[in-house]
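Please look over the sequence and the structure shown here, and then read the briefing that follows, which is grouped by topic.

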Amino acid sequence: MSVSDLPSPSSTTPSRYENQKRRDWNTFGQYLKNHRPPLSLSRCSGAHVLEFLRYLDQFGKTKVHTPICPFYGHPNPPAPCPCPLRQAWGSLDALIGRLRAAFEENGGKPEANPFGARAVRLYLREVRDLQSKARGISYEKKKRKRPPQQQIQSLPLPPPAGAT
């Protein structure tokens with residue numbers, strides 16, 4: 001092994017997020033290529049993104065109870081049921097965020113980004129609401145935590161002049 005084979009300290013390995021974003025982007029590109037008829041990215045719309053998200057449901061691992069299931073609304077069902085497995089809302093939300101960023105990094109214009117389409121946002125909201133009802137857990141938007149105020153470590157001040 002020579003010195004030239006070693007990575008230089010200035011080169012950094014991509015973060016887990018960057019690697020996932022690249023994989024997601026490649027998966028979406030493959031989806032467009034396999035689409036009938038094949039789609040170019042420039043002709044891709046929010047409707048195609050929704051089609052892609054529904055396609056991904058077949059690989060989901062989250063049990064989503066239907067309203068007719070006896071376990072609908074129960075967070076921990078006591079027995080198995082035939083309800084479908086779907087992609088979890090949080091996974092879809094994160095995926096759309098990564099694809100939205102990748103679209104723009106790959107030359108797409110923000111105003112033409114199909115991952116930011118209104119239909120996609122509405123779909124994600126609907127999936128979130130349906131999944132939270134199916135599990136009996138209401139979704140509460142997290143409040144942003146404010147960073148704690150910096151406490152200044154200071155020396156005790158001397159008593160004011162004239163005080164005894």
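Counting a salt bridge as a side-chain nitrogen of Lys or Arg within 4 Å of a carboxyl oxygen of Asp or Glu, the total comes to 4 salt bridges. This is a predicted model, in which local features need pLDDT of at least 70 and side-chain atom pairs count only at pLDDT 80 or more, while totals for chains, interfaces and linings use all residues. Residues are numbered from 1 along each chain as its sequence is written, and side-chain values use heavy atoms, with hydrogens and water left out.

**Salt bridges**

- Glu18, Lys21 and Glu105 are joined in a network of salt bridges; in it, the closest N and O atoms of Glu18 and Lys21 are 3.2 Å apart, and Glu105 meets Lys21 at 2.6 Å, N to O.
- Because Glu105 lies in helix α3 and Lys21 in helix α1, their pair ties together parts that are 84 residues apart in sequence; helices (H or I, at least four residues) and strands (E, at least two) are DSSP runs, numbered from the N terminus.
- Buried means under 20% relative accessible area, exposed over 50%, and partly exposed in between, with a 1.4 Å probe and protein chains only; Lys21 is buried at 3%, Glu18 is partly exposed at 34%, and Glu105 is exposed at 52%.

**Helix α1**

- Helix α1, residues 16-34, has 19 residues and reaches 27 Å from its first C-alpha to its last, close to the 27 Å expected at 1.5 Å a residue, where the expected span is 1.5 Å times one less than the number of residues.
- Lys21, Asp24, Trp25, Phe28, Tyr31 and Leu32 are buried in α1.
- These residues cover an arc of only 120° around the axis, which puts them on the same side of α1; the arc is that of the directions from the helix axis to the C-beta atoms.
- The face turned away from the buried side carries the exposed residues Arg16 and Lys33.

**Aromatic pairs**

- Rings of Phe, Tyr and Trp (its six-membered ring) pair if their centres lie within 6.5 Å, and planes under 30 degrees apart count as stacked, over 60 as edge-to-face and the rest as tilted; by this rule there are 9 aromatic pairs.
- The rings of Phe28 and Phe115 have centres 5.0 Å apart and planes at 70°, so the pair is edge-to-face.
- Phe28 lies in helix α1 and Phe115 in the loop between α3 and α4 (118-135), so this pair ties together parts that are 87 residues apart in sequence.
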